[in-house]
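Please open the model in your viewer and keep the sequence beside it, as this tour goes from one selection to the next.

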Amino acid sequence: MRIKDYIVPVGTLVARESCSPSKNRAIQVCLKRSKRGRLVEKTVSDADSACEALRFLSSRDRENFVVMHLGPQKQVLGIEEVARGTVQEVSVHPREVFKGAILSNASSVIVGHNHPSGDPNPSESDRLISARLVQAGKVLNLPVVDHIVVGENNCVSIRAQNAEIFE
């Protein structure tokens with residue numbers, strides 16, 4: 001199974017395992033299980049493995065903001081795209097970031113987005129949204145483990161550069 005198999009597109013979130021269309025449900029979180037009943041076999045142990053999981057964002061022509069839902073042992077439950085922006089920015093709200101994570105019973109999250117320019121260095125607004133999401137996560141008891149910025153050839157961990165934001 002590839003990590004892309006666990007991406008949940010914008011607007012198709014249901015709190016159940018099947019992802020069949022439903023007229024009565026506005027929110028779906030589709031969880032795919034392996035043959036052994038586990039959600040996934042991929043775990044994210046550090047910024048490098050999170051970067052590897054989010055590498056698919058490097059080819060996007062607009063900024064895309066995603067949330068990686070993690071289980072208790074940092075196994076990936078799913079990756080949800082919560083916002084699409086322009087070439088230079090993406091607007092994201094904590095409510096949208098945590099909605100799917102709560103429905104999927106995530107223990108923590110890693111957020112990430114791409115920079116279509118190819119330069120993965122975080123902007124000041126990237127650091128500000130990280131701080132805002134970390135604070136919201138504390139209120140919800142749903143920690144934000146890291147914020148990964150994906151560039152053309154590499155990624156940058158905001159946690160590695162600004163650990164105080166995540167404390």
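Are Cys 51 and Cys 155 buried or exposed? Both Cys 51 and Cys 155 are buried, where buried means under 20% relative accessible area and exposed means over 50%, with partly exposed in between, for a 1.4 Å probe and protein chains only. Before going further, note that this is a predicted model, in which local features need pLDDT of at least 70 and side-chain atom pairs count only at pLDDT 80 or more, while totals for chains, interfaces and linings use all residues. Residues are numbered from 1 along each chain as its sequence is written, and side-chain values use heavy atoms, with hydrogens and water left out.

Stay with the two cysteines: Cys 51 and Cys 155 form a disulfide with sulfur atoms 2.0 Å apart, a disulfide being a pair of cysteine sulfur atoms within 2.5 Å. This pair links distant parts of the chain, with Cys 51 in helix 1 (residues 47-54) and Cys 155 in strand 6 (residues 155-157), 104 residues apart. Helices (H or I, at least four residues) and strands (E, at least two) are DSSP runs, numbered from the N terminus. The link of Cys 51 and Cys 155 is right-handed, with 70° about the S-S bond.

Next, select helix 3 (124-140), which has 17 residues and reaches 25 Å from its first C-alpha to its last, close to the 24 Å expected at 1.5 Å a residue; the expected span is 1.5 Å times one less than the number of residues. In helix 3, Asp 126, Ile 129, Ser 130, Leu 133, Val 134, Ala 136 and Gly 137 are buried. Seen down the axis of helix 3, its buried residues fall within an arc of 170°, so they line one face of the helix; the arc is that of the directions from the helix axis to the C-beta atoms. The face turned away from the buried side of helix 3 carries the exposed residues Leu 128 and Val 139.

Now select Phe 65, Val 97, Phe 98, Val 111, Leu 133 and Val 144, which have the most contacts inside the largest nonpolar core, a set of 23 residues. Such a core is made of buried Ala, Val, Leu, Ile, Met, Phe, Trp, Tyr and Cys residues joined through side-chain atoms within 4.5 Å. Its largest share, 4 residues, comes from helix 3.

Finally, colour the chain by pLDDT, the predictor's confidence in each residue from 0 to 100: the average is 82, and 75% of the residues score at least 70.
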